[in-house]
Amino acid sequence: MAYSSDALLFISVLTFFLLLVSSSGVAEARWYGPGGKCSSVEALVSEQLYNSLFLHKDDAACPAKGFYTYSSFIHAARTFPKFAGTGDLTTRKREIAAFFAQISHETTGGWATAPDGPFAWGLCYKEEISPASKSYHGRGPIQLSWNFNYGPAGQALGFDGLRNPDVVANCSETAFRTALWFWMTPRQPKPSCHEVMVGEYRPTAADAAANRMPGFGLVTNIVNGGLECNRTDDARVNNRIGFYRRYCQIFNVDTGPNLDCAHQQP
């Protein structure tokens with residue numbers, strides 16, 4: 001049977017866009033990229049939503065102005081299809097909220113009386129202002145630091161992290177990919193942040209004794225527990241939680257248990 005050009009165009013579009021209904025009955029739009037791989041992130045985070053979450057990232061006051069683009073985030077996320085693609089709709093939204101909260105804290109330019117509040121200023125910086133180490137200081141959304149992170153990240157993602165760490169601050173897609181690599185990759189004895197947020201983490205007896213139980217607080221422990229956990233009322237932990245609560249409210253999901261790591265051993 002012969003098809004008109006309009007019909008062929010319609011069929012092509014349908015092969016890339018499917019409307020799925022989740023088990024909860026919520027309709028979800030999903031885009032399929034090359035090879036038919038679905039990007040769950042694109043289904044849940046539109047460009048308009050992304051820009052509203054990081055409301056001031058392109059302000060003149062932010063040194064990373066113009067760096068953290070939506071397209072760079074989406075392209076990086078396609079490298080990790082399990083990110084925001086594991087579990088039910090609530091679990092996927094909560095993982096995105098947790099990831100955005102952590103990278104927002106790491107790159108925040110907000111302050112207590114900032115316009116639109118302190119939690120509207122994520123993705124304002126792309127590297128540490130006064131790094132102690134020229135080579136392996138914090139860069140990118142997760143502020144990737146230390147040679148033992150730059151080396152494996154580069155090996156996994158196809159760049160020389162030890163000889164050319166500056167690429168993380170010079171290429172926005174690479175920056176997001178390093179953040180997602182850190183998020184998705186378990187580093188024994190640490191689980192991955194992804195495993196914690198999607199319910200795949202199972203505490204060992206030692207973890208239970210150290211109160212390292214599942215929840216956003218354990219993600220903070222993975223990211224910077226040596227400096228922020230096992231202490232009460234740490235302002236950095238509270239800032240992470242503030243971002244997380246904001247994003248969970250916008251995604252219309254609850255935060256889940258164990259928000260802080262005040263009583264967790266690093």
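**A guided tour of rings and helices**

The structure holds 20 aromatic pairs. Please note that this is a predicted model.

Begin by selecting Phe99 and Trp183. Their ring centres are 5.4 Å apart and their planes stand at 85 degrees; angles over 60 degrees count as edge-to-face, so this pair is edge-to-face.

The axes of α4 and α8 come within 8 Å and cross at roughly 45 degrees. That angle makes α4 oblique to α8. The crossing of α4 past α8 is right-handed. To display the contact, select Ser72, Phe73, His75, Ala76 and Ala77 on the α4 side. On the α8 side, select Ser172, Glu173, Phe176, Arg177 and Leu180.

Remain on helix α8 and select Thr174, which lies in this helix. Is Thr174 buried or exposed? Thr174 has a relative accessible area of 12%, and under 20% counts as buried, so Thr174 is buried. Leaving aside neighbours within four places in sequence, Thr174 is in contact with Phe159, Val167 and Val168. Displaying these side chains together with Thr174 shows its surroundings.

For the last stop, select Lys126 and Phe67. The charged end of Lys126 sits over the ring of Phe67, at 4.7 Å from the ring centre.

How values were computed: Residues are numbered from 1 along each chain as its sequence is written. This is a predicted model: local features need pLDDT of at least 70, side-chain atom pairs count only at pLDDT 80 or more; totals for chains, interfaces and linings use all residues. Side-chain values use heavy atoms; hydrogens and water are left out. Rings of Phe, Tyr and Trp (its six-membered ring) pair if their centres lie within 6.5 Å; planes under 30 degrees apart count as stacked, over 60 as edge-to-face and the rest as tilted. A charge sits over a ring if NZ of Lys or CZ of Arg is within 6 Å of the ring centre and within 35 degrees of the ring normal. Axes are lines fitted to C-alpha atoms, for helices over the stretch in contact, and angles run from 0 to 180 degrees between N-to-C directions. Helices (H or I, at least four residues) and strands (E, at least two) are DSSP runs, numbered from the N terminus. Angles under 35 degrees count as roughly parallel, over 145 as roughly antiparallel, 65 to 115 as roughly perpendicular and the rest as oblique. A crossing is left-handed if the near helix is turned anticlockwise from the far one by less than a right angle, and right-handed if clockwise. Contact means heavy atoms within 4.5 Å. Buried means under 20% relative accessible area, exposed over 50%, partly exposed in between (1.4 Å probe, protein chains only).
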